[in-house]
Amino acid sequence: MNIDSTNALLKVPTGALQIPEFPPADVGINQRDIYLSLVIPTYKERGNIANVVKILSQILDEFIPGDYELIVVDDDSPDMTWELAQSLTQEYPQLQVMRRQEERGLSSAVIRGWQAARGKILGVIDGDLQHPPEVLTQLLTAITNGADLAVASRHVDGGGVSSWSVVRRFLSRGAQVLGLMLLPGVLGRVSDPMSGYFMVHRESVAGATLNPVGYKILLEVIGRGNVKSIAEVGYVFCERKEGESKVTWKQYVDYIHHLVRLRVSTGKIGRVRRKINFPLDRFLRFALVGLSGVFVDMTMLYLLSDPATLALPLTRSKIIAGEIAILNNFLWNDAWTFADVSMRQQEWHQRLKRFLKFNMVCLAGLVLNVLVLNLVFNYLIPNRYIANLIAIAIATIWNFWVNLKLSWRVTDVK
Ligand code: GDD
Ligand code: MN
């Protein structure tokens with residue numbers, strides 16, 4: 001393949017997922033600012049990409065000749081979509097290709113594409129022709145008429161889905177209703193918040209740090225951007241002719257994760273959180289790990305002390321069960337809750353040190369647990385279960401906070 005300066009691959013931006021206010025200086029074939037940058041995220045779209053590029057170019061060459069660029073962002077597809085796309089740049093000089101080898105995922109692909117974009121308007125369209133290309137001109141017109149954001153929607157006049165099963169319609173609508181309940185201020189602003197076909201003014205998203213979780217980048221744009229006016233254009237979601245969808249059950253889990261993250265980081269809750277600066281995500285993971293420890297503890301206690309099993313003395317069993325639960329929690333916390341920290345300190349003696357610290361903190365937490373239980377039960381609420389819940393909550397927060405500051409502290413001072 002002939003790679004010279006005009007058809008080299010686009011450099012993959014790194015660092016925070018933030019759209020710059022102005023196009024980066026070192027991108028592109030020529031430095032002139034352009035009107036539209038349309039990102040086409042692809043993963044295994046070899047059978048579609050040539051057609052997509054051809055049809056989009058035809059439409060845009062007529063509508064805004066010379067004033068657009070197409071940016072294919074491919075996640076190193078095993079079918080070499082990126083290579084095929086790259087070979088098309090000879091014929092389509094307005095086409096650029098980014099091959100990502102480090103990162104994965106639809107949302108971050110779109111954001112990385114926009115980071116490298118030169119356009120005043122940033123757009124996205126699927127690379128499988130399920131989004132009808134003709135709608136592009138209507139989206140552009142809506143933007144030119146003053147909208148900050150123009151969304152192609154399946155749920156307004158002229159919109160729809162071609163031949164979806166009842167189950168798929170139900171899941172799609174269910175996801176939307178769930179989102180509406182959690183984030184009415186975001187999902188309530190458009191009729192099709194799941195749309196992956198839209199355009200937005202650069203200035204409406206510039207500066208915001210976007211979140212790479214999930215499939216639904218539009219939620220980020222509305223939730224974290226500064227979008228005042230929105231226009232919608234109806235479209236029919238076509239059937240796929242080539243390749244296959246990448247949606248699996250994981251996208252549904254991601255979607256819920258995404259909603260929760262947006263919920264706790266935007267609006268009123270987000271403002272309060274920023275003020276007190278509590279690492280809520282981390283705490284939730286820590287609490288979940290703690291819950292898993294309860295099950296480990298219970299199971300071990302049963303295996304060791306139950307008359308039907310080993311029938312060891314209760315105290316001895318409990319000490320062993322408790323220690324195994326602590327080990328369980330440590331391993332999960334090290335690999336998940338504090339993964340970002342432990343990744344930087346992987347040597348076995350560093351791990352051991354963390355484990356010993358964690359052990360000490362948890363033992364102190366146990367003492368605290370017993371103390372609080374007694375205090376609350378004797379002086380505040382004479383109900384042992386409510387008192388115990390309060391004691392557990394306080395001990396969990398203690399465990400979390402001290403471990404955060406002590407066991408998984410970043411200590412890369414030389
Ligand atoms: N770079 C990259 N990385 N691209 C990806 C990835 C990824 O991990 N996963 C999917 N894509 C690309 C696909 O190649 C395709 O071009 C586009 O993203 C959409 O993926 P599909 O797997 O075809 O999704 P879909 O058709 O089920 O869902 C689409 O339909 C929604 C309507 O409900 C999504 O595109 C939504 O954005 C769209 O609104
Ligand atoms: Mn698709």
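**Close-up views of a predicted model**

**View 1. Leu129 sits in the loop between strand S4 (119-124) and helix H4 (135-144).** The structure shown is a predicted model. Leu129 is not a glycine, yet its phi is positive, at about 65 degrees. The relative accessible area of Leu129 is 23%, so the residue is partly exposed; the class begins where buried ends, and buried means under 20%.

**View 2. Ala311 occupies the loop between helix H11 (280-305) and helix H12 (314-337).** Here too the residue is other than glycine and has a positive phi, near 55 degrees for Ala311. With a relative accessible area of 45%, Ala311 is partly exposed, because a residue counts as exposed over 50%.

**View 3. Helix H8 (residues 217-224) packs with helix H9 (residues 249-265).** The angle between the two helices is about 5 degrees, and their axes lie 11 Å apart. H8 is therefore roughly parallel to H9, since angles under 35 degrees are placed in that class.

**View 4. Residues of H8 meet residues of H9.** On the H8 side, the contact is made by Leu219, Glu220, Gly223 and Arg224. On the H9 side, Tyr255, His258, Leu259, Arg261, Leu262 and Ser265 take part. By type, the residues of this contact between H8 and H9 comprise four nonpolar, three polar and three charged.

Key. Residues numbered from 1 in each chain as written. Chains lettered and ligands numbered in written order. Predicted model: local features only at pLDDT ≥ 70, side-chain atom pairs only at ≥ 80, totals over all residues. Heavy atoms only, no water. Axes fitted to C-alpha atoms, helices over the stretch in contact; angles between N-to-C directions. Helix = DSSP H or I, 4+ residues; strand = E, 2+ residues; numbered from the N terminus. Parallel < 35°, antiparallel > 145°, perpendicular 65-115°, else oblique. Contact = heavy atoms within 4.5 Å. Nonpolar A, V, L, I, M, F, W, Y, C, P; charged D, E, K, R; others polar. Buried < 20%, exposed > 50% of the residue type's maximum accessible area, 1.4 Å probe, protein only.
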